[in-house]
Amino acid sequence: MTEDNCRVYACVNQKGGVGKSVTSTNLGIGLARNGEKVLIVDLDSQASQTVSLGWKEPDELLETIATQLTRVMENKPFDPRDGILSHGEGVRLMPSSIALSGVEMRLVNAMSRELILKKYLAAMRPDYDAIVLDCPPTLGMMTINALAAADRVIVPVQPEYLSVIGMTQLFETIGLVKENINPNLRVEGVLITLANMRTNLAKNTVEIIKGAYGGNVRVYPEPIPYSTKVKEASAAGKSIFAYEPGGKAAYAYESLVREVMRDAKSRGADLRAAKKSEHER
């Protein structure tokens, strides 16, 4: 594997409770189930991703993303593999802890503050096919770092009015990062989560999202249904594929994984064609 072959996905929404961690888990494990080597990085100081993958006491971990980013900020040598945890369903995890909140405060005054995470991930990219970043529910410095380091953004959004309002600010932030820091950044798609599509509210909100953003951004065709099984899976430290295979939520996340892999394959073909054309010239 090379850095060019590794895709970095940021799961982003400044609103909490929309399923970012669950989506990061099931996207990462779904890709691993299809033979990819995947790293999930928990960028939230609440460590929800870390807990939902089975590490119930994240603040007791000696090595986390906080310790790694601190070394990068201080320009100290670091082994990028320190702290990586192995999950039973085939993914690796760089965990988080409450210490990350202090690191984010320090980032404000750091040299090249938007690029600290990118520098860390550059050392990891050759080892993986995909890296999934689970972002905090803010548009603060850690999320900016994630957008600066990512290739693609996936936006989980609950089909309710307040979630739709917040998307305007989110897309403005993504646009600013693309314009000023990371010109290769692109929104992969909007994923409807926690959806009860039997209600008029959910149906109407999805239509509003498609009308407002569907012309420029793909809205994934299969909403993730609201399901207590998804919450139970997180509590058990498992993906929905392992906890309730064949269920509606597993089917929906399988659809997301297929879409993401199809896009990756298409981009890979385009990149090879572009390189061949350049070589021939």
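The largest cavity holds about 50 Å³ of space. A search of the whole structure turns up one cavity of 30 Å³ or more. Here a cavity is a set of points, on a 1 Å grid over the protein atoms alone, where a 1.4 Å probe fits but cannot get out, while a pocket is an open set with protein on both sides within 12 Å along at least five of seven lines; lining residues have an atom within 4 Å of a point. Grid points are joined across faces, edges and corners, and a volume is the space filled by probe spheres set on the points. The model is predicted, so to speak of a local feature takes a pLDDT of at least 70, and side-chain atom pairs count only at pLDDT 80 or more, whereas totals for chains, interfaces and linings use all residues. Residues are numbered from 1 along each chain as its sequence is written, and side-chain values use heavy atoms, with hydrogens and water left out.

Around the largest cavity sit Val22, Thr25, Asn26, Ser52, Val230, Ala233, Ser234, Lys238, Ser239 and Ile240. Helix 1 and helix 9 are the elements that give two or more residues to this lining; helices (H or I, at least four residues) and strands (E, at least two) are DSSP runs, numbered from the N terminus. Sorted by class, the lining of the largest cavity has four nonpolar, five polar and one charged residues. In this sorting Ala, Val, Leu, Ile, Met, Phe, Trp, Tyr, Cys and Pro count as nonpolar, Asp, Glu, Lys and Arg as charged, and the others, Gly among them, as polar.

Now for an open space: the second largest pocket has a volume of about 480 Å³. Its lining takes in 27 residues, and the closest to the centre are Gly17, Gly19, Lys20, Ser21 and Val22. Helix 1 (20–33), helix 2 (48–52) and helix 9 (228–235) each supply at least two lining residues, with the largest share, four residues, coming from helix 9. The class count for this pocket is 12 nonpolar, 10 polar and five charged residues.

Gly19 deserves a look of its own. This glycine sits in the loop between strand 1 (7–11) and helix 1, and Gly19 is buried, with a relative accessible area of 19%. Buried means under 20% relative accessible area, exposed over 50%, and partly exposed in between (1.4 Å probe, protein chains only). Not counting residues up to four places away in sequence, Gly19 touches Pro156, Leu194 and Tyr253; contact means heavy atoms within 4.5 Å. Gly19 and Ile192 are 173 residues apart in sequence, yet 9.4 Å apart in space, C-alpha to C-alpha. Gln158, in the loop between strand 6 (152–157) and helix 7 (161–180), is buried at 18% relative accessibility. Leaving aside neighbours within four places in sequence, Gln158 is in contact with Gly17, Val18, Ser163, Thr193 and Leu194.

On to the cores. In soluble globular proteins, nonpolar side chains tend to be buried together. A nonpolar core is a set of buried Ala, Val, Leu, Ile, Met, Phe, Trp, Tyr and Cys residues joined through side-chain atoms within 4.5 Å. The largest has 53 residues, and Leu117, Tyr120, Ile131, Leu133 and Val190 have the most contacts inside it. Apart from that core lies another, of 31 residues, including Cys11, Tyr220, Ala233 and Ala250. Beyond neighbours within four places in sequence, Leu117 is in contact with Leu43, Ile65, Leu69, Leu133, Asn145, Ala146 and Ala149.

Ile65 and Leu69 are among the buried residues of helix 3. Seven of the nine residues of helix 3 are buried, so this helix is largely enclosed by the rest of the structure. The cover over those buried residues includes strand 2 (38–42), strand 4 (92–94), helix 4, helix 5 and helix 6 (141–149).

With a disulfide taken as a pair of cysteine sulfur atoms within 2.5 Å, the count comes to zero. Cys6 is in no disulfide, and the nearest cysteine sulfur, that of Cys11, is 15 Å away. For Cys135, also in no disulfide, the nearest cysteine sulfur is that of Cys11, 7.4 Å away. Both are tucked in: Cys6 is buried at 2% relative accessible area, and Cys135 is buried at 2% as well.
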